[in-house]
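Visitor: I have a structure open here and would like a hand reading it. Can we go through a few parts?

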Amino acid sequence: MKTITREQMEAATGMTHRKPVQLELVGGKSKRQRIWEVLRTAHGWITYDQLSRILPTIEIDTMRSYLQGLVAANILQRREKPAENGRKGNTGKNGQFMPHLSFRVIDDRGALAPRVDRHGKAVRQGNGNLALWRAMRVQKVFTAYQLANLASLPGYPISMTTASTYCQVLARAGYLRVTKPGIGKRLNCVAVLTQYEFIEAKWSGPRAPMIQRTKAVYDPNKNAIVWQQPPAEVIAEALEDE
């Protein structure tokens, strides 16, 4: 008798031990995106205290780590000055002293928050979908192979498998339409890749729609789940994989 794993059941029911991404966002924006927007709109120096007051729901460790990464990446400039009126600055939740710091943007990378780790190194996770999402709007009509080539950068290749999966799911979610169905490889015949067309009216913003573990598509530009795979399909696929 075929059995369904916990991960497959979570996808079918939408019940998961991990918090869905949309519950970790506010208004469709991640914590780092909200920090970045405040930094950009400051148009000059802004203190750590001011950031903390504007974004009171963001944990100290999260804010400190991101600011540290932006400084290391030479995106932010940091300066330290004596605390005013005898204040001793902020204290982290672990009792760590937080100096009185100010920051300003010196390399404005645009509306989307730069994806860097605490050491200032670029974070690649999620960049593939973002590159594909942007390339779709530029190319308009494409196959997965063409899209992968267009979205790939030196040192950051995107496989055709990744592009194909993203196209298939976004087509089901209504962002793309199939203009020429693909044909699988047969004896003495060359396979023909599916051709897609990006639906311009479906462009929702600069952040790429996300494919969740629960077989759903979450659009951070709309802050909404825009498509959910029917549970019966998820279970059927799981049984076929056994």
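Visitor: What order do the strands have in the open sheet of three strands?
Guide: This is a predicted model. In it the order is β9-β10-β11, and the pairing is antiparallel.

Visitor: Which ones are the edge strands?
Guide: β9 (210-211) and β11 (224-228), each of which pairs on one side only.

Visitor: How many bridges join β9 to β10?
Guide: Two, and the strands run antiparallel, with β10 covering residues 216-219. Met210 stands opposite Tyr218 in β10.

Visitor: What holds strands together in general?
Guide: Strands of a sheet pair through backbone hydrogen bonds, either parallel or antiparallel.

Visitor: Helices now. At what angle do the axes of α5 and α6 cross?
Guide: Roughly 110°, and the axes come within 9 Å. Angles of 65 to 115 degrees count as roughly perpendicular, so α5 is roughly perpendicular to α6. The crossing is right-handed.

Visitor: Which residues meet there?
Guide: From α5 (residues 127-139), Ala131, Leu132, Ala135, Met136 and Gln139. They meet Leu147, Ala148, Leu150 and Ala151 in α6. By class, the contact has eight nonpolar residues, one polar and no charged ones.

Visitor: New topic. What is the phi of Lys140?
Guide: Positive, at about 70°, although Lys140 is not a glycine. Most residues other than glycine have a negative phi. Lys140 sits in the loop between α5 and β6 (141-143), and is partly exposed, with a relative accessible area of 36%.

Visitor: And where is Asn223 found?
Guide: In the loop between β10 and β11. Asn223 has a positive phi of about 55° and is partly exposed, at 34% relative accessible area.

Methods. Residues numbered from 1 in each chain as written. Predicted model: local features only at pLDDT ≥ 70, side-chain atom pairs only at ≥ 80, totals over all residues. Heavy atoms only, no water. Pairing = 2+ DSSP bridges. Helix = DSSP H or I, 4+ residues; strand = E, 2+ residues; numbered from the N terminus. Axes fitted to C-alpha atoms, helices over the stretch in contact; angles between N-to-C directions. Parallel < 35°, antiparallel > 145°, perpendicular 65-115°, else oblique. Left-handed = near helix turned anticlockwise from the far one by under 90°. Contact = heavy atoms within 4.5 Å. Nonpolar A, V, L, I, M, F, W, Y, C, P; charged D, E, K, R; others polar. Buried < 20%, exposed > 50% of the residue type's maximum accessible area, 1.4 Å probe, protein only.
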